[in-house]
Amino acid sequence: MRRARGHVLPAALLAGVLLGAWEAYVDLAGVQEELLPAPHAVAAALWANDSLVLHNFAVTAEEVVLGLALALAAGLALAVAIHLLPLLRRAVYPLAVGSQAVPIPVIGVLLVFWWGFGIFPKLVVIALICFFPVLVTTVDGLAAVDPEQPKLLRTLDASRWQAFRFAELPAALPAALSGARIALAVGVIGAFIAETSTPTSQPYAGLGREIITDAGGFQTARAYAATMVLFAFAVACFYALALAERRLAPWAAQPRGDTP
Amino acid sequence: MPAELQSRARPSAPPRAPVAEIVLERVGHGYRRRNGADVQALAGVSLRVAAGELLAVVGPSGCGKSTLLELLCGLQRPDEGSIVCPPAVLMPQRDLLLPWLSALDNAALAPRIAGDSRALARRRAAALFAELGLAGFEGARPHELSGGMRQRVAFLRTLLSGKPVVCLDEPFGALDALTRAEMQQWLARTLAHERRTVVLVTHDVEEAVLLADRLVVLSPRPGRVLAELDVDIERPRSRTDPAAIALRERALSALGMDGCG
């Protein structure tokens, strides 16, 4: 408990200071609410529209979680394949890098044409944005095994699969999890891009769609309220993953000890 | 090209493997450095290691000692000559314990790779933990162990592979002097229980005289056999025994180091 408080307190203090400065700036400089709503106005907008924001949040949260799962699965599978088949690395890497330069709206329509107005095209967009950090960190992690280790394993008559299973895979796990954390950080903005670049038939289109509508309709306070929810969600997910990392790869946290 | 290569049949890792003899005939071996330069590591090395014997190979750094062990373990094939060696397991200088496994699971890695279930592999490792002075450390992770304890776990892993030949590549080279002395005693005791054919590579002549039945002195690269010395000293040995000191001097003079002390 005490440790948790020690971790939360500095962040809470800094957030409080920034919110206070923001409030003071808007009030003292007389900034119009359509331009920049004060924190109290954002809170009021959130309170007044709690049901709308909550429903849209549920949609976005589902997209982020499932999209990240898809990105992790794709990134890990591709990393393992690239590690085991160097030829594949030469073939796939340039395409994987290039894929990160494709502006999503260009292919949004195509994805909807293929898979309809449901959630799946959005998951594909998120996965496309998020698989890359997982791929790169995992490929590096798999290659970072001590070069002497394979010799030892060979004199123990380990098969290729056993060497992978006992040495390479666990060695790559911390790197893969770091990749997942980066993926998560871009995953929320990925969901925003997904929602705004693919049309939907659902009653609630997600927070990203809501933000675009509100920002265009002079509902700036509500757009900020939705943004705050995304903000908090990203922070919560990040720390949840850090917690999972400590569970899954406790040896990786040992020498550093600065993980949140 | 060598006519005979070691049989690398896969034993089901019996707890105490039969001891067996090693024969090297005029073995030469080279490798290519990353910068493209060819290095002749060994030249015309003929050796015989009797079953159950502990042979120490001493020589200056870079005399092809590690290459010799890699050849014995079948990690490389010799360019020239022939090697007859039963299945051999390598214990490298660095322990290479897996940080995500407990000490017990690290030791149990060898039987697990040989196909034992996790539970059986653990039981077999646990049975030897006390004997090797590791009781109570089963659940410790490698980073929680001292250098000496880590080498003990690594050596237990090596023993549990069940291979008749054990190749030790400067096993105590990274330890401080006190721990090293303690580990030398420990290795002598352990090998008295767990008889194997052992090839110990070291640059420490004192260590070789303390542990080995016989000493082979290699020249600087390309490694050739300069001298073979029998160590006919009663065990347990003391490093201050006049016979041990005399033998040490003979080995050092074979290395051309007699004037340096």
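A residue is taken as buried if 20 or more other C-beta atoms lie within 10 Å of its own, as exposed if 12 or fewer do, and as partly exposed in between, with C-beta atoms placed from the backbone. The model is predicted; local features need pLDDT of at least 70, side-chain atom pairs count only at pLDDT 80 or more, and totals for chains, interfaces and linings use all residues. Residues are numbered from 1 along each chain as its sequence is written, while chains are lettered from A and ligands numbered from 1 in the order in which they are written.

Chain B contains eight helices and nine strands. These elements are DSSP runs, numbered from the N terminus (helices: H or I, at least four residues; strands: E, at least two). The C-alpha trace of chain B spans about 50 × 45 × 35 Å along its principal axes. The radius of gyration of chain B is 18 Å, which agrees with the value near 18 Å for a compact globule of 261 residues. That radius is taken over C-alpha atoms, and the globule rule is 2.2 Å times the number of residues to the power 0.38. Of the 261 residues of chain B, 43% are buried. Two residues are in contact if their C-beta atoms, placed from the backbone, lie within 7 Å. Among contacts in chain B between residues at least 6 apart in sequence, 72% join residues at least 24 apart.

Chain B is assigned two parts: domain 1 (20-87 + 163-261) and domain 2 (95-161). Such bounds come from an automatic or database domain assignment. The C-alpha centres of domain 1 and domain 2 of chain B lie 25 Å apart. Contacts between them involve 13 residues of domain 1 of chain B and nine residues of domain 2 of chain B. On the domain 1 side, helix 6 (residues 177-193) of chain B gives the most, with six residues. That side of domain 1 has seven nonpolar, three polar and three charged residues. Here Ala, Val, Leu, Ile, Met, Phe, Trp, Tyr, Cys and Pro count as nonpolar, Asp, Glu, Lys and Arg as charged, and the others, Gly among them, as polar.

Chain B also touches chain A. The contact takes 19 residues from chain B and 16 residues from chain A. Strand 5 (88-91) and helix 3 (109-113) of chain B each supply at least two residues of the chain B side. By class, this side has 14 nonpolar, two polar and three charged residues.

Most residues other than glycine have a negative phi, and most peptide bonds are trans. Arg26(B), in strand 1 (residues 22-32) of chain B, has a positive phi near 45°. Arg26(B) counts as exposed because it has 12 C-beta neighbours inside 10 Å. Leu96(B) has a positive phi of about 55°. Leu96(B) is found in the loop between strand 5 and helix 2 (103-107) of chain B. Leu96(B) is buried, with 20 other C-beta atoms within 10 Å.

The peptide bond from Arg221(B) to Pro222(B) is cis, with omega near -5°. Pro222(B) sits in the loop between strand 8 (214-218) and strand 9 (225-230) of chain B. The bond from Arg235(B) to Pro236(B) is cis, with omega near -5°. Pro236(B) lies in the loop between strand 9 and helix 8 (242-254) of chain B.
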